[in-house]
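Open the model in your viewer and keep the selection panel at hand. Each stop below tells you what to select and what is there.

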Amino acid sequence: MRTLAIVGSGPAGFYTAEAALKAFGDAVRIDIIDRLPTPYGLIRAGVAPDHQSIKAVSRRYDQVATDPRVRFLGHVSIGTDVSVEELTAIYDDVVLAVGAPLDRPLGVPGEDLPGVIGSAAFVGWYNGHPDFKDLAPPLSAEEAVVVGNGNVAIDCARILAKTVCELQDSDIVNHALDPLSRSAVTRIHVLGRRGPHQASFTLKEVGELGELERATPIVRPGDFPPAESDAALETGQRRVVEVLRRFAAEGPDAAKPVTVSLDFFRRPLRVLGTDRVEGIEVMKTRVDESGQAVDTGETEIIPCGLVVAAIGYRTSAIPGVPFDDKAGRFVNVDGLISPGLWCVGWARRGPSGTIGTNRPDGFALVERIAATESAKGRTGRAGIDALLKARGVTIASFEDWQKIDAMEISRARAGAPREKIVELTELRKVFAD
Ligand code: NAP
């Protein structure tokens, strides 16, 4: 019998479990461990609440979680309740599928001012992650800045731009929907340090900016290189640029009161303000032949009351596990950290790719795991149960999650799929009583 602990119940964790079930058949027992009592990681707390079709992938994970060879051990923290060293002594293989939950810092003066918020926190707030329920982002100024040109930046800008009506049938939590409904933000700037050809966002996400009820995109026609140069782009990027060129050609819809301005060729220099954000000074850039942003020497100040930094994520380091501080992920060779200890998904390769990218990643890792010998004499389920019991750790099982799920569905506002429970004390009542 092969025993496997997968730490993290997001997409990378579940795809790895699915792959292990297929590869080992009846000869495997898998424990999926998560520090939260609720599963699905980024699906629940990262994917935008108005992208319900992407969130629906969790139903596939349910098939894995309810397989008798699999257990969900929620509310178990690595480092506090059990160490990685202990896990590697209990299981044949331990897979760290912990994602990249930390914000990369902007690295500019003023970024510690209240009102500068990393996208992990901002997204966690509107998605009901217990860690960020009290964030209260300032929404009283007309202008807000989102730094970054990836899909997360677009998600954040879109959520700021949408009407309550547009968000009504999403699973955005009421503690975010209420303040957003009173938000004064009408001018949203999305800063890209490079140009339209280098933007990281994808077609669907950028296209949605042209379909908002009260908001309209602004793209400067002068930000594009000659049209013939688009031919050299790969198809996906070319289609993104086509949409951006259309936005630029059409100009903003004057009937819409909210603007989402894609401000290319601008990198943050410093955040301005004394006791809170009052603006951001940016350096105008150009892109050189190698594709890098180069300063022009010309600066500009954008007044604003909120800065969301959506410039990528970092994995959380774990004591005793080698960490590449520059890359912000575990040191590994094709997922192998040390014998019996592996990583997968964003914890392995960094924060890139879609949810689906994690499936081949999980399957490839299990192939590598299967090619190694199973360790002898590991206690697996019995070992972890005894250790957690001795430490008084209350585990949230998958059945407990199903109870939470039913409660959340029952308290949904009209049209919404659920209203998430964000208080850990309230969640604990379900499985600790
Ligand atoms: P991302 O796609 O890597 O974008 C990060 C952006 O931040 C880039 O535009 C980057 O610019 C910029 N940046 C980095 N450091 C910066 C700095 N110091 N100053 C200014 N700008 C800086 O990352 P992400 O948006 O966090 O998304 C992570 C992954 O999740 C991506 O693969 C994304 O596609 C995926 N995702 C997908 C969806 C979806 O499918 N709907 C939704 C959300 C996220 P440079 O290019 O110049 O480095």
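Start with the two domains. Select 2-101 plus 315-431 and colour them as domain 1; then colour 103-309 as domain 2. These bounds come from an automatic or database domain assignment. The C-alpha centres of domain 1 and domain 2 are 31 Å apart. Between them, 24 residues of domain 1 and 28 residues of domain 2 make the contact (heavy atoms within 4.5 Å).

A word on the model before going on. It is predicted: local features need pLDDT of at least 70, side-chain atom pairs count only at pLDDT 80 or more, and totals for chains, interfaces and linings use all residues. Residues are numbered from 1 along each chain as its sequence is written, and side-chain values use heavy atoms, with hydrogens and water left out.

Next, the boundary between the domains. About 2,100 Å² is buried between domain 1 and domain 2, and carbon and sulfur atoms give 49% of that. Buried area is the accessible area (1.4 Å probe) that two parts lose on being put together, summed over both. Now select Pro49, Arg413 and Val422. In domain 1, these lose the most area to domain 2, together 29% of what that side buries.

Turn to the charged pairs. Six salt bridges are counted between domain 1 and domain 2. The term means a side-chain nitrogen of Lys or Arg within 4 Å of a carboxyl oxygen of Asp or Glu. Show Lys133 and Glu423: their side chains form a salt bridge at 3.7 Å, N to O.

Show helix H2 (42-45) and helix H3 (52-55). Each supplies at least two residues of the side of domain 1 that touches domain 2. Helices here are DSSP runs (H or I, at least four residues), numbered from the N terminus.

Stay with salt bridges: the count by this rule comes to 39. Select Glu408 and Arg44, whose side chains meet in a salt bridge of 2.7 Å, N to O. Glu408 lies in helix H15 (residues 398-410) and Arg44 in helix H2, so the pair ties together parts that are 364 residues apart in sequence.

Last stop: the ligand. Which residues come nearest to it? Asn149, Arg193, Arg194, Glu205 and Gly353 do, out of the 20 residues around the ligand (a heavy atom within 4 Å). Zoom in on Arg193: an N or O atom in its side chain is 2.7 Å from an oxygen atom of the ligand. At Asn149, a polar backbone atom is 3.0 Å from a ligand oxygen atom. Finish at Arg104, where an N or O atom in the side chain is 3.5 Å from a nitrogen atom of the ligand.

Technical notes:
Polar contact = N/O pair within 3.5 Å; in protein donor to acceptor, adjacent residues only side chain to side chain.
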